[in-house]
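Here is a short report on one protein chain. Keep the sequence and the structure in view as you read.

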Amino acid sequence: MTLLQEIMNHNTVFVRERQYEPFQTDLMPNKKLLILTCMDSRLVELLPRAMDLRNGDVKILKNAGALVTHPFGSVMRSILVAVFNLGVCEIAVVGHHGCGMTGLSCTGILDKAMARGVSPATLTTLRNSGIDFEQWLRGFDKVEDGVLQSVEMIRRHPLLPSGIPVHGLIISPETGKLDLLCDGYVQIQEAATV
Ligand SMILES: [Zn+2]
């Protein structure tokens, strides 16, 4: 049986037995919080448990490294939709120790792509079209740098209304322990007193 068949079979039982009932909620997040975190599979259940989050509590955005790499890319668009249309009043960027985006090697990825059949000519064409692979396939040296970069990108975004705290945290993928890197409430207070 393929994985897809397993999923479809499970789903038939899930729906038939009304196992969805404990998860029913509406589209507004109860805690008015949005979390941007990493797609790391160790965090799938660990992060919500470690932060006491249940279905309906938060909006969660995930990508490799919890990164906002472009101020007008899809992550920032989702954040703005959450703030203006879905009642989000607070944002937390949650990176994690042992992240696969630490020291990401652009050449390593491109070498693997070529080993799997992407032709060097394709890469050359893309480079000549203005694609900057080094900039695009970029991680961070330390997870702290990645989180702070994302926090700053969100906090300074020209379309983000004032008064939205943006926190930076790092979670352990083993124990779920959270370390607070920057407290968005403090940043707002400081901005108000300047
Ligand atoms: Zn990660």
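Two residues are in contact when they have heavy atoms within 4.5 Å of each other. Keep that in mind for Asp57. The model is predicted. Asp57 sits in the loop between helix 2 (46-50) and strand 2. Setting aside residues up to four places away in sequence, Asp57 touches Pro29, Asn30, Lys31, Lys32, Leu33 and Asp52.

Is Asp57 buried or exposed? Asp57 is buried, because its relative accessible area is 9%, and buried means under 20%. Its side chain makes a polar contact with the side chain of Asn30, at 3.2 Å. The Asp57 side chain also reaches the backbone nitrogen of Arg54, at 2.8 Å. Val147 is 90 residues from Asp57 in sequence. In space, the two lie 22 Å apart, C-alpha to C-alpha.

## Two domains

The protein chain is divided into two parts. Domain 1 covers 25-100 + 141-193, and domain 2 covers 105-138. The centres of domain 1 and domain 2, taken over C-alpha atoms, are 30 Å apart.

## The nonpolar cores

How many residues make up the largest nonpolar core? There are 39. The residues with the most contacts inside this core are Ile35, Leu47, Ile79, Ile91, Val94, Ile154 and Leu160. Several elements supply at least two residues each: strand 1 (33-38), strand 2 (58-63), helix 3 (74-85), strand 3 (90-96), helix 7 (143-155) and strand 4 (166-171). Helix 3 gives the largest share, six residues. A second core is separate and has five residues, including Cys106, Leu123, Phe133 and Leu137.

Look at Val94. Neighbours within four places in sequence are left aside here. Val94 is then in contact with Ile35, Leu36, Thr37, Cys38, Leu47, Met51, Ala66, Leu169, Ile171 and Leu178.

## Thr37, a residue of strand 1

Thr37 is found in strand 1. Thr37 is buried, because its relative accessible area is 0%, and the cut-off for buried is under 20%. A polar atom of the Thr37 side chain lies 2.7 Å from the backbone oxygen of Val94.

Which residues does Thr37 contact, leaving aside neighbours within four places in sequence? They are Leu43, Leu47, Ile60, Leu61, Lys62, Asn63, Ala66 and Val94.

## The zinc site

Which atoms coordinate the zinc ion? They are SG of Cys38, NE2 of His96 and SG of Cys99, at 2.0 to 2.3 Å. Along the chain, the donors follow the spacing C-x57-H-x2-C.

His96 and Cys99 are buried. Cys38 is buried too, because its relative accessible area is 5%, and buried means under 20%.

## Cysteines without disulfides

A disulfide is a covalent bond between the sulfur atoms of two cysteines. How many disulfides are counted here? The count is zero.

Take Cys106. The nearest cysteine sulfur belongs to Cys99, 17 Å away. Cys106 is buried, because its relative accessible area is 9%, and buried means under 20%.

Technical notes: Residues are numbered from 1 along each chain as its sequence is written. This is a predicted model: local features need pLDDT of at least 70, side-chain atom pairs count only at pLDDT 80 or more; totals for chains, interfaces and linings use all residues. Side-chain values use heavy atoms; hydrogens and water are left out. A nonpolar core is a set of buried Ala, Val, Leu, Ile, Met, Phe, Trp, Tyr and Cys residues joined through side-chain atoms within 4.5 Å. Buried means under 20% relative accessible area, exposed over 50%, partly exposed in between (1.4 Å probe, protein chains only). Helices (H or I, at least four residues) and strands (E, at least two) are DSSP runs, numbered from the N terminus. Donors are N, O and S atoms within 2.8 Å of the metal (3.2 Å for Na, K and Ca); water is not among the atoms, so sites may look incomplete. A disulfide is a pair of cysteine sulfur atoms within 2.5 Å. A polar contact is a pair of N or O atoms within 3.5 Å; within protein, one must be able to donate a hydrogen and the other to accept it, and residues adjacent in sequence count only if both atoms are side-chain atoms. Domain bounds come from an automatic or database domain assignment.
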